[in-house]
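Colleague: Could you walk me through this model before I go further with it?

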Amino acid sequence: MTLHRPLEPETMTAAAMNIWDVYWGLRVEQCPCDVHFVEWLEELGLTGKRVYHFGTGGHHYVGIRCAEPELDCTVLGITASPKEYDAFVKLATGNPTITKTYSAYFGDIYTSNAKLLPRFDIVTLFHACEFRTEANDAYGALTDREVIDLFTGQTDAGGYLLFYTGSFAYATAEPIIADWAKTAAVEEVASFKTLRVFRKTG
């Protein structure tokens, strides 16, 4: 029997992953969108929801707060920052009960595959257009519109998709969001502080 050696990481692809070098640390003030999101959940009394969170931050505020009994939401978060992921490993190691409701993974949201994703009640796309560059093109990554469409498809009817108007890339994201809103089965509902909120209608 011939044994096959696993591919070495450097031989698997000619292009390296486009990582996020900026580290949003322990000061949640750096991410007002995350604070406003939790406040929005509280304002609407939304509990027990399945959340997908784009951009965890090193503080992992959304995952930690949503684990509290008052919200009781499950959160799957993605980060392309190695340091932010390391912070999650330390969080989970020191407080393993957090992993009952919160998991974060390291990856490029632009290589997302619906077959690997569960269904969600709420999707946060706060960092749309912040991270996508020509570097992602080198490995066939999705576009921002394709990511929005993919996660719209993963959101159950009656669920929510949220965007952050305070993003440094919001001017780029805004026309993409507008075009998506015209064609997707969504309706814009009341905004909340820095957040634009859409509800999936079908």
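Predicted model: local features only at pLDDT ≥ 70, side-chain atom pairs only at ≥ 80, totals over all residues.

Colleague: How many helices and strands does the protein chain have?

Modeller: The protein chain has 7 helices and 7 strands, taken as DSSP runs numbered from the N terminus (H or I of at least four residues for helices, E of at least two for strands). Of its 202 residues, 49% are buried, where buried means under 20% relative accessible area, exposed over 50% and partly exposed in between, with a 1.4 Å probe and protein chains only.

Colleague: OK, strand 1: which strands does it pair with?

Modeller: Strand 1 (residues 50-54) runs parallel to strand 2 (residues 74-79), joined by 5 bridges, and is also parallel to strand 4 (residues 120-124), over 3 bridges; pairing requires at least two DSSP bridges between the strands.

Colleague: What does strand 1 make with helix 3 and strand 2?

Modeller: With helix 3 (residues 61-66) between them in the unit, strands 1 and 2 make a right-handed β-α-β unit, meaning that, with the strands pointing away from the viewer, the path from the first strand over the helix to the second runs clockwise.

Colleague: Switching to Asp34, is that residue buried or exposed?

Modeller: Asp34, in helix 2 (residues 32-44), is buried yet has no salt bridge, and Arg65, the nearest side chain of opposite charge, is 11 Å away. A salt bridge needs a side-chain nitrogen of Lys or Arg within 4 Å of a carboxyl oxygen of Asp or Glu, and for charge Lys and Arg count as positive and Asp and Glu as negative, with His and the chain ends not counted.

Colleague: So what does Asp34 touch?

Modeller: Leaving aside residues up to four places away in sequence, Asp34 touches several residues, including His53, Tyr61 and Phe126, with contact meaning heavy atoms within 4.5 Å.

Colleague: Last one, where is Glu146?

Modeller: Glu146 sits in helix 6 (residues 144-153) and is partly exposed, with a relative accessible area of 40%.

Conventions:
Residues numbered from 1 in each chain as written. Heavy atoms only, no water.
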